[in-house]
Amino acid sequence: DGIGLLWSGLLQTVQFNSEYASFPTCDTNIILTLFKAIFVVSKKCSEADISLPTGDVLSVLFQIAENAYHPKVRSEAIFSIGGVGRMVLKSIPSVLSPGIELISVALKEKICKDTSLLVVSQSLDVMFDLLGADECPLIFLTTPDLVPLLQETHCNITARRKKESLNKEDKILCSVVHNNLPHFIEYVKSKQIEYTTNISN
């Protein structure tokens, strides 16, 4: 059908440009336009309960999020991953899909290793959105490394927030993350308790 052909065309175009995104001289507008298209299509499909194959799309988005030269491109790749993730959550049964687990692992990797506050902030936003969604199975919130990772990230952000060398944009990002992250940590803890209680019963 038409939406399937569009999705396939977007995948081929992003695959073609994935290596290009790793060069400092790449035209970021081209890459960002592709990401926007992927996000819009995945959002519309999610709202309409339309399932599309996501494995190849996620794979190439993971690659760009890891290797793109410009932080803005890495950040927008993660934003698109979030859109695809929303579509994965709508799939039946989402608990059997490896998509959310793969996304969660990739986000943790970016939060730990990316030096850009923009990328870290975007990764956290997508994690909040997906793992905090009603459709997200509790099991994805119960990995033992999740709370320690978030707590360590909060400490790192707090330390970076105090640096006078930060530009205005990074200071704002630090403040937003610093204020929002503790609430998500408490949410995850409460869901882990809920999961443990359900298992016990």
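Pro144 is exposed, with a relative accessible area of 75% (exposed means over 50% relative accessible area, buried under 20%, and partly exposed in between, with a 1.4 Å probe and protein chains only). This proline sits in the loop between H6 and helix H7 (146–161). The model is a predicted one, in which local features need pLDDT of at least 70 and side-chain atom pairs count only at pLDDT 80 or more, while totals for chains, interfaces and linings use all residues. Residues are numbered from 1 along each chain as its sequence is written, and side-chain values use heavy atoms, with hydrogens and water left out.

With that starting point in place, the overall fold can be described. The protein chain has eight helices and zero strands, where helices (H or I, at least four residues) and strands (E, at least two) are DSSP runs numbered from the N terminus. Read along the sequence, the pattern is α-α-α-α-α-α-α-α. The radius of gyration of the protein chain is 17 Å, close to the 17 Å that the globule rule gives for 201 residues, so the chain is as compact as a globular protein of that length. That radius is taken over C-alpha atoms, and the globule rule is 2.2 Å times the number of residues to the power 0.38. Along the principal axes, the C-alpha atoms fill a box of roughly 50 × 45 × 20 Å.

Buried residues make up 44% of the 201 residues in the chain. The accessible surface comes to about 10600 Å², and 57% of it belongs to carbon and sulfur atoms (areas come from the Shrake-Rupley method with a 1.4 Å probe; for residues, only the protein chains shown count as cover). Among the contacts with a separation of 6 or more, 72% join residues 24 or more positions apart, a contact being heavy atoms within 4.5 Å.

Lys108 lies in helix H5 (residues 99–113) and is buried, with a relative accessible area of 10%. Leaving out residues up to four places away in sequence, Lys108 touches Met127, Thr143, Asp145, Leu146 and Leu149. The C-alpha atoms of Phe128 and Leu149, 21 residues apart along the chain, are separated by 14 Å.

Val88 is placed in helix H4 and counts as buried at 3% relative accessibility. From C-alpha to C-alpha, Val88 and Leu6 are 18 Å apart in space and 82 residues apart in sequence. Ile172, in helix H8 (residues 168–200), counts as partly exposed at 49% relative accessibility. Ile172 and Asp145 are 27 residues apart in sequence and 27 Å apart in space, again from C-alpha to C-alpha.

Finally, the pockets. The largest pocket has a volume of about 200 Å³. On a 1 Å grid over the protein atoms alone, a pocket is an open set of points with protein on both sides within 12 Å along at least five of seven lines, and lining residues have an atom within 4 Å of a point. Grid points are joined across faces, edges and corners, and the volume is the space filled by probe spheres set on the points. The lining holds 14 residues, of which Phe39, Gly82, Gly83, Arg86 and Asp129 lie nearest the centre of the pocket. Helix H2 (28–47), helix H4 (71–90) and helix H6 (117–131) each supply at least two lining residues, and the largest share, five residues, comes from H4. By class, the lining has three nonpolar, four polar and seven charged residues (Ala, Val, Leu, Ile, Met, Phe, Trp, Tyr, Cys and Pro count as nonpolar, Asp, Glu, Lys and Arg as charged, and the others, Gly among them, as polar).

Notes
1 Å grid on protein atoms, 1.4 Å probe; cavity = no way out; pocket = protein on both sides within 12 Å on 5 of 7 lines; lining within 4 Å.
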